[in-house]
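Dear colleague,

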Amino acid sequence: MTDTPRALADLARDIDATCRLTGRFVLRSGRTADEYFDKYRFEADPVLLDRVAAGLAGLVPPGTEVLAGLEIGGIPVVTALARHVGLPCAFVRKTAKAYGTARLAEGADVAGRRVLVVEDVVTSGGQVVISTGQLRELGATVEHALCVIDRGEGGAEALAGHGIALRALLTRADLDAARRP
């Protein structure tokens with residue numbers, strides 16, 4: 001389990017070692033960087049993802065009825081987390097699909113239920129705010145979001161401004177600290 005400071009530090013070290021890449025990378029903003037954090041690497045590693053989910057399990061607020069994973073990175077995280085806490089999942093698209101059921105949230109129904117939004121990494125919090133608004137329009141009660149890593153770039157504050165309390169398993173500072181000897 002990751003409920004001790006040592007276990008969290010070990011998890012931060014392992015995530016950092018798995019996901020922090022060096023080289024030349026073009027970022028979404030167009031600028032280049034010599035370091036890149038590939039979050040999909042911890043999501044693609046079943047052992048590491050299970051450790052993450054075990055740590056997140058203790059952060060699920062009491063009364064949560066549905067876990068809502070955001071497309072795309074939140075989907076593997078929410079699925080693994082559901083195995084640990086025994087709650088149903090909804091898989092939330094960025095936009096409702098135009099065919100079949102034409103739903104925004106697939107899986108568990110969210111209307112009239114207390115929903116926890118689950119994301120892999122929060123930077124600005126923008127997608128969590130958008131998706132929370134959409135879930136609320138569908139009748140969900142959303143007061144909390146849960147993420148694996150809070151990059152510490154204003155996301156928690158932005159979410160708070162929309163009535164969403166962010167809980168994070170790790171922060172960017174935790175990952176940076178894990179690199180120190």
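A crossing of two helices is called left-handed if the near helix is turned anticlockwise from the far one by less than a right angle, and right-handed if clockwise; helices (H or I, at least four residues) and strands (E, at least two) are DSSP runs, numbered from the N terminus. By that definition, the crossing of H3 and H4 is right-handed. The contact (heavy atoms within 4.5 Å) involves, among others, Leu49, Ala53 and Leu56 of H3 and Val77, Leu81 and His84 of H4.

Please bear in mind that this is a predicted model, in which local features need pLDDT of at least 70 and side-chain atom pairs count only at pLDDT 80 or more, while totals for chains, interfaces and linings use all residues. Residues are numbered from 1 along each chain as its sequence is written, and side-chain values use heavy atoms, with hydrogens and water left out.

Turning to the strands, 6 of them form an open sheet with mixed pairing, in the order E5-E4-E3-E6-E7-E8, where two strands pair if DSSP finds at least two bridges between them. Strand E5 (105–107) and strand E8 (165–171) stand at the edges with a single partner strand each, so one side of each is left without a neighbour in the sheet. Strand E7 (residues 141–150) pairs with E8 in the parallel sense over 6 bridges, and isoleucine 149 has leucine 170 in E8 as its bridge partner.
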